[in-house]
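Please keep the sequence and the structure in view while reading.

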Amino acid sequence: MNSHLFPHIGKVIASTGSRHFPRMLHDLIQTQLAVDAMHIRQMRVEPVGRPHRSQADAGKDSALLAETVFSEHSAARSAEPVDAHPASTDASQLHLTRRKDGYRYVISVYRNDQSQRFSAQERSLLQDISPVLLPMVEKHIHALQPPRANVDDQAPNADGTQPGLDNLRQRFGERLQQLGLSLSNRETEVCIGLLAGRTAPELAEQLQLKVNTVESYLKRAAIKLGISGRHSLMRWMYSPDDTGHATSAA
């Protein structure tokens, strides 16, 4: 590995868990090859023996966390939100994948013009630094979301609640107070449930609501918090910056 990459790698490591990480990683990749967009995501690996789902169904909920960064010259041409997958049928693309502990971590890079396909040398350059890039993405994602075991694997309180949820609820309340924001009880419970790793169907069953209603509460909360959705909620919660506007985090 070229020594000139070390300062860039240091900046990426220093930004782990913050809203600046995707941009720092994007800039690091740009030192090796020109890209129009970079997308990172975490997906749960389907357990052995589980009924196979179609790609269309899997694409709806397979990405547990996703972040996208567009290059400055291409951002103006794209109306994609920060949490959207930027892939298209006419984009040249490369993908790096790391599988660990039941999850898959993916780094994807794209070019808008298919005539500018990545060369074999560029593919090799990106592959050479993948042992550095992918573990950093894994650590960043872990820093953005609490381990589910901390919430689910603890003995319940006398009233049936989980102690991990109590701590998460307290931290969430402190974050709201810090930013001078206020949510309704239902909006708060939905946000806390999502931060704890629950899915919308699980929350709907727990709160005895319809899935669409849970999504509606999330949308209302997102507007008040100045974020774009459940993935931005994680960044909003765990970002060290004193700002609730996670939609600008890219």
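Predicted model: local features only at pLDDT ≥ 70, side-chain atom pairs only at ≥ 80, totals over all residues.

The protein chain has 11 helices and four strands, and 43% of its 250 residues count as buried. A search of the whole structure finds five salt bridges, and three of them are described here, each with a partner in helix α5.

**Confidence and overall fold**

- The average pLDDT of the protein chain is 75, and 69% of the residues score at least 70.
- Residues 147-163 have a pLDDT below 50, and in the model this stretch has 25 contacts beyond near neighbours in sequence.
- Over residues 242-250 the pLDDT also stays under 50, and the model has 32 contacts for these residues beyond four places in sequence.
- Among contacts in the protein chain with a separation of 6 or more, 64% are between residues 24 or more positions apart.

**Helix α5**

- Helix α5 covers residues 120-144.
- At 1.5 Å a residue, the 25 residues of α5 should span 36 Å, and the 34 Å between its end C-alpha atoms agrees with that.
- The helix bends by about 60° at Ser-130, and Pro-131 follows within four residues.
- Buried residues of α5 include Glu-122, Leu-126, Ser-130, Leu-133, Glu-138 and His-140.

- Side chains of opposite charge can pair when their charged atoms come close.
- Arg-98 and Glu-138 form a salt bridge through their side chains, at 2.8 Å from N to O.
- This pair joins distant parts of the chain, with Arg-98 in strand β3 (residues 92-100) and Glu-138 in helix α5, 40 residues apart.
- Is Arg-98 buried, exposed or partly exposed? Arg-98 counts as partly exposed because its relative accessible area is 26%, which lies between the limits of 20% and 50%.
- Glu-138 has a relative accessible area of 6% and is therefore buried, the limit being under 20%.
- Lys-100 also meets Glu-138 in a salt bridge, at 3.4 Å from N to O.
- Lys-100 lies in strand β3 and Glu-138 in helix α5, so this pair too links distant parts of the chain, 38 residues apart.
- With a relative accessibility of 34%, Lys-100 is partly exposed.
- Arg-111 and Glu-122 make a salt bridge of 2.8 Å, N to O.
- Here the link runs from Arg-111 in strand β4 (residues 103-111) to Glu-122 in helix α5, 11 residues apart.
- Both Arg-111 and Glu-122 are buried.

**Nonpolar core**

- The largest nonpolar core has 52 residues, and Leu-25, Ile-29, Ile-107, Leu-126, Leu-133, Phe-172 and Leu-233 touch the most other members.
- Helix α5 gives the largest share of this core, eight residues.
- Apart from residues up to four places away in sequence, Ile-29 touches Val-35, Met-38, Ile-107, Val-109, Leu-126 and Leu-133.

**Helix α8**

- Helix α8 (residues 185-195) is mostly covered, with eight of its 11 residues buried.
- Among the buried residues of α8 are Glu-187, Thr-188, Cys-191 and Gly-193.
- Gly-197 follows α8 and has a positive phi, near 100°.

- Ala-204 is in helix α9 (residues 200-207).
- The relative accessible area of Ala-204 is 5%, so Ala-204 is buried.
- Beyond its neighbours within four places in sequence, Ala-204 is in contact with Leu-209, Lys-210, Val-211 and Val-214.
- The C-alpha atoms of Ala-204 and Val-214 are 6.2 Å apart in space, and the two residues are 10 residues apart in sequence.
- Asn-212 is in helix α10 (residues 211-225).
- Asn-212 counts as exposed because its relative accessibility is 66%, and the limit for exposed is over 50%.
- Asn-212 and Pro-201 are 11 residues apart along the chain, with 9.2 Å between their C-alpha atoms.

Note on methods
Residues numbered from 1 in each chain as written. Heavy atoms only, no water. Salt bridge = Lys/Arg side-chain N within 4 Å of Asp/Glu carboxyl O. Helix = DSSP H or I, 4+ residues; strand = E, 2+ residues; numbered from the N terminus. Buried < 20%, exposed > 50% of the residue type's maximum accessible area, 1.4 Å probe, protein only. Expected span 1.5 Å × (residues − 1). Bend = angle between axes of the 7 residues up to and from the residue. pLDDT = per-residue confidence, 0-100. Contact = heavy atoms within 4.5 Å. Core = buried A, V, L, I, M, F, W, Y, C linked by side-chain atoms within 4.5 Å.
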